[in-house]
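Please read them alongside the model.

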Amino acid sequence: MKILSIQSAVAYGHVGNSAAVFPLQRIGVEVMPVYTVNFSNHTGYGAWRGPLIAPDDVRDVIQGIEDRGVLPQIDVVLSGYQGGEGIADVILDAVARVKEANPGAVYACDPVMGNAKSGCFVAPAIPVLLRERVVPAADIITPNQFELGFLTGTEPHDLASTLASADRAREMGPRTVLVTSVERPDRPEGTIEMLAVTDDGAWLVQTPHIPMKANGSGDVTAALFTAHLGRTGDAADALARTTSSVFDLLARTHESGQRELQLVESQEAYAHPRMQFAVTQVR
């Protein structure tokens, strides 16, 4: 499998491509990372250095990849946080070019906008752009519950409403929706869930909630789920593998007391997931 991953990069820590690439490589996926920023660290620190990469420069890198004749070999285009409006055009153009070269390729979009605790943390134009142009072009999306609500103009909270919101998102274009950070009011205390919805059904997995904010964990989740699903076509298996890997990554990070993901230290969790959580078919 080959993935063209168009995301941010940081020198210190793990977000964007700096979170997604290594876990993908550790499970045997060839990744072509294209950077949209090259920062010293993620912006959550409040201070950072380094450049935003101009959309034309990002486009030029993708053109150089196309010049090598490898677009027909690309199975997936993956994108995450979009810092500015211009990069969406570059990503959508890359998706169109890859799909023209390989009609079996898919586009997986993590529509990063915000979360239930902090609200939207992207530029005001980005959520509208994601909803109106980017998500309709995607085959797979991986929103959290908050982002799913914004994309669909709904308020998912319990299982039934979250399933309905996922179905509405699927009517926009994507056939597969992975909803992360599902917090149902009737779930057992101290737990959190993920929900995968496809044409074949819907599956829910529950894990203990690890009380920490982990920048980059969503990027790892989107990357691993997309890769596992692409390999097997089995959403339940992809959900189980991804959940196992990401939980162990977060647990190790929490135990370390460090702010940044213990990405390299957790590599066995990607290569050999323990499959410790039951996946339940809910539809």
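1. First, the residue classes. Ala, Val, Leu, Ile, Met, Phe, Trp, Tyr, Cys and Pro count as nonpolar. Asp, Glu, Lys and Arg are charged, and the others, Gly among them, are polar. Bear in mind that the model is predicted.

2. On that scheme, the second largest pocket is lined by 6 nonpolar, 4 polar and 2 charged residues. Its space comes to about 160 Å³.

3. Next, the helix pairs. Two packed helices are described by the angle between their axes and the distance between the axes.

4. Take helix H2 (residues 55-67) and helix H3 (residues 86-101). Their axes come within 9 Å and cross at roughly 15°. H2 is therefore roughly parallel to H3, since angles under 35 degrees count as such. The crossing of H2 and H3 is right-handed.

5. What meets what between H2 and H3? H2 brings Pro55, Val58, Arg59, Ile62, Gln63 and Glu66. H3 brings Gly86, Ile87, Asp89, Val90, Asp93, Ala94 and Arg97. By class, the residues of this contact divide into 6 nonpolar, 2 polar and 5 charged.

6. Helix H5 (residues 145-152) packs on helix H6 (residues 159-171) at an angle of about 55°, and their axes are 9 Å apart. That angle makes H5 oblique to H6. H5 passes H6 in a left-handed crossing.

7. On the H5 side, the contact uses Gln145, Leu148 and Thr152. On the H6 side, Thr162, Ser165, Ala166, Arg168 and Ala169 take part. The contact of H5 with H6 has 3 nonpolar, 4 polar and 1 charged residues.

Methods. Residues numbered from 1 in each chain as written. Predicted model: local features only at pLDDT ≥ 70, side-chain atom pairs only at ≥ 80, totals over all residues. Heavy atoms only, no water. 1 Å grid on protein atoms, 1.4 Å probe; cavity = no way out; pocket = protein on both sides within 12 Å on 5 of 7 lines; lining within 4 Å. Points joined across faces, edges and corners; volume = space filled by probe spheres on them. Axes fitted to C-alpha atoms, helices over the stretch in contact; angles between N-to-C directions. Helix = DSSP H or I, 4+ residues; strand = E, 2+ residues; numbered from the N terminus. Parallel < 35°, antiparallel > 145°, perpendicular 65-115°, else oblique. Left-handed = near helix turned anticlockwise from the far one by under 90°. Contact = heavy atoms within 4.5 Å.
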